[in-house]
Amino acid sequence: MLNTKGLEALRAFVETGSVTQASVRLNRTQPQVGRLLANLEDEVGFTLFHRSKKRLSLTPDGWSFYRQVERHLASQESLQKLAGRLKARQNHHVRVLTAPHLSNAIVNDALAIMAQRSEQFSASIDSRVRLDIETWVGQENFDLGVTVLPLDNPLLEVEPFISVNVVAAMHADNPLARKSVVTAEDLSGASLIALHPRSIIRQSLSVLIAELETPPLIRFETTNGILACQLAARSLGVAISDPFIATSSDVPLVLRPFAPSITLDYGFIFPIWQERSKAVDELAQLICEHAHQRIAAIEAEYP
């Protein structure tokens, strides 16, 4: 492989017109540049220069060779610039995987703060429902995931960051809205908008209502927590909901604590095969802070 320093010396010589000026551009002595050019000529094995009265000029073959050298060096510099841009993007870009409701509830505000702090920050946000969480690892490239736990996968590092209690969500004219706390017993004979049987809330709730003499009336069932809250807002029943989902449904709802408590644990997931960037850690911290602020605001509205 040809010596890159010799190629750079050749380009400097051609562009400046002399060895003296080339040495100034390269911050080298004139003899050093002369040796680089002589060594390059030896490496290629054919005559690059005419030598007349201690002045150099390119031979026809030298010009042909130089044109290829210029393309080579330009391509090399382009690759270096691309690598620099990609490195900067890697350091300031975060690929986020999150449940749809979490993006509006706690992720978007954190992203907005990151964008204000740094013009270099960028992010790609992809949403997946909780029931699809197990497919994330094998099919997605991401830096930071936000999801409901538990999640046990040897390829992931999991960090819990908040535990929240589910709420009863309903229209203001629902009789249960007059209560300060909605209990499992209160659901006896009431219209209940149920979630998918595989959901964490539905599984926990099923254990509680199984003990009721009169079970709730389930006329509506959905896999989508936001849709459940929207149905509740239409006076079609009460939804036992994740508080983040209830406050992201964009419909007027009355929220009440539910007893006995059903707790949801939220956590961050990180791929163990890649090092976390500063931007990833900073974004995770902001999401954690906003999650706690959001829950505090919800609880402050309870009677």
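1. **The open sheet.** In this predicted model, 6 strands come together as an open sheet, and reading across it gives the order β8-β12-β7-β11-β9-β10. The pairing in this sheet is mixed. Look next at the two edges, where β8 (182–183) and β10 stand. Each of these has a single partner strand, so one side of β8 and one side of β10 are left without a neighbour in the sheet.

2. **The β9 and β10 pair.** How do β9 and β10 run relative to one another, parallel or antiparallel? Strand β9 (residues 191–195) pairs with β10 in the parallel sense, over 4 bridges. You can find the pairing in the model by picking out residues: Ser191 has Leu217 in β10 as its bridge partner, and Ala194 stands opposite Glu221 in β10. To get from β9 to β10 the chain passes through α7, and this β-α-β crossover is right-handed. As a general point to keep in mind while you look, side chains in a regular strand alternate between the two faces of the sheet.

3. **A helix lying across the sheet.** Now turn to α8. This helix lies across β7 (167–170), β9, β10 and β11. Against β9, helix α8 runs at about 165°.

4. As background, side chains of opposite charge can pair when their charged atoms come close. How many salt bridges does a search of the whole structure find? The search finds 10. One of them joins the side chains of Arg51 and Glu41, at 2.7 Å from N to O. Arg51 sits in strand β1 (residues 49–52) and Glu41 in helix α3 (residues 30–44), so this pair ties together parts that are 10 residues apart in sequence. Glu41 has a relative accessible area of 12%, so this residue is buried.

5. **Arg202 and Glu221.** Here is a salt bridge that takes you back to the sheet. Arg202 pairs with Glu221, and their closest N and O atoms are 2.9 Å apart. Arg202 belongs to helix α7 (residues 200–209) and Glu221 to strand β10 (residues 217–222), so to speak two distant parts of the chain, 19 residues apart, that the pair links. Arg202 counts as buried, at 16% relative accessibility. Glu221 is also the residue that Ala194 stands opposite.

6. Are the two partners buried, partly exposed or exposed? Arg276 is partly exposed at 26% relative accessibility, and Glu157 is partly exposed at 35%. Shared partners also build a network of salt bridges, which joins Glu157, Glu159, Arg276 and Asp281.

7. **Two cis peptide bonds.** Next, check the backbone at two prolines. The peptide bond from Leu149 to Pro150 is cis, with omega near 10°, and Pro150 is in the loop between β5 (144–149) and β6 (156–165). The bond from Ala259 to Pro260 is cis too, with omega near -5°. Pro260 is in the loop between β12 (254–259) and β13 (263–271).

8. Which loops hold Ser235 and Asp250? Ser235 is in the loop between α8 (225–233) and β11 (238–241), while Asp250 is in the loop between α9 (243–246) and β12. Phi is positive at Ser235, near 65°, although this residue is not a glycine. Asp250 is another residue other than glycine with a positive phi, near 60°. Ser235 is partly exposed, with a relative accessible area of 39%. Asp250 counts as exposed at 68%, because the cut-off for exposed is over 50%.

9. **Cysteines.** A disulfide is a covalent bond between the sulfur atoms of two cysteines. The structure holds 0 disulfides. Cys229 is buried, with a relative accessible area of 0%, and Cys288 counts as buried at 17%.

Definitions and conventions
Residues numbered from 1 in each chain as written. Predicted model: local features only at pLDDT ≥ 70, side-chain atom pairs only at ≥ 80, totals over all residues. Heavy atoms only, no water. Buried < 20%, exposed > 50% of the residue type's maximum accessible area, 1.4 Å probe, protein only. Salt bridge = Lys/Arg side-chain N within 4 Å of Asp/Glu carboxyl O. Pairing = 2+ DSSP bridges. Right-handed = clockwise from strand over helix to strand, strands pointing away. Contact = heavy atoms within 4.5 Å. Axes fitted to C-alpha atoms, helices over the stretch in contact; angles between N-to-C directions. Disulfide = S-S within 2.5 Å.
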